[in-house]
Structures are given as C-alpha cells and as structure tokens.
Amino acid sequence: MTEWEKMQAGQIYNDFDADLFSRRVVEKNCLRSHSVNLYTSHI
C-alpha cells in the first residue's frame, strides 16, 4: 500500500514520502496559477 493510499484510507502515513511531496508541488502550482488567472481576469 502506498503512502497516498494510506492517507486516503485515514491510516498513519509518511508525510515526507517523495510521491506525496511531488503531488503537493503540482497542486500548489495549479492553485497558484488558478489564483493568478482569477486575479487578472477581474482587472
């Protein structure tokens, strides 16, 4: 079972897992891009 699957199941997981870290980076960049698009569309 991967750390992602453990997290989804509500079990104890390793927060420093490389896969979880890369998922956080991707989501953070996606949200940042979305926020910028929202801001610039109202100007």
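Asp19 and Arg23 form a salt bridge in this predicted model, with their closest N and O atoms 3.1 Å apart. The count of salt bridges comes to 3. One of them involves Glu3, whose side chain meets that of Lys6.

- Asp19 and Arg23 both belong to helix H2, where they sit 4 residues apart, about one turn of the helix.
- Asp19 counts as partly exposed, because its relative accessibility is 33%.
- Arg23 is also partly exposed, at 34% relative accessibility.

**The salt bridge between Arg24 and Asp15**
- The side chains of Arg24 and Asp15 meet with an N to O distance of 3.1 Å.
- Arg24 has a relative accessibility of 38%, so Arg24 counts as partly exposed.
- Asp15 is partly exposed at 38% relative accessibility.

- Glu3 and Lys6 pair through their side chains at 3.2 Å, N to O.
- Both residues lie in helix H1, 3 residues apart, which is about one turn of the helix.
- Glu3 is buried, because its relative accessible area of 16% is under 20%.
- Lys6 is partly exposed, with a relative accessible area of 23%.

**Glu3 and the loop**
- Asn14 lies in the loop between H1 and helix H2, which covers residues 18-41.
- A polar atom of the Glu3 side chain lies 2.6 Å from the backbone nitrogen of Asn14.
- Glu3 and Asn14 are 11 residues apart along the chain, and their C-alpha atoms are separated by 6.3 Å.
- Beyond its neighbours within four places in sequence, Glu3 is in contact with Tyr13, Asn14, Asp17 and Leu20.
- On that basis Asn14 is in contact with Glu3 and Leu20.
- Asn14 counts as partly exposed at 38% relative accessibility.

Conventions: Residues are numbered from 1 along each chain as its sequence is written. This is a predicted model: local features need pLDDT of at least 70, side-chain atom pairs count only at pLDDT 80 or more; totals for chains, interfaces and linings use all residues. Side-chain values use heavy atoms; hydrogens and water are left out. A polar contact is a pair of N or O atoms within 3.5 Å; within protein, one must be able to donate a hydrogen and the other to accept it, and residues adjacent in sequence count only if both atoms are side-chain atoms. Contact means heavy atoms within 4.5 Å. Helices (H or I, at least four residues) and strands (E, at least two) are DSSP runs, numbered from the N terminus. Buried means under 20% relative accessible area, exposed over 50%, partly exposed in between (1.4 Å probe, protein chains only). A salt bridge is a side-chain nitrogen of Lys or Arg within 4 Å of a carboxyl oxygen of Asp or Glu.
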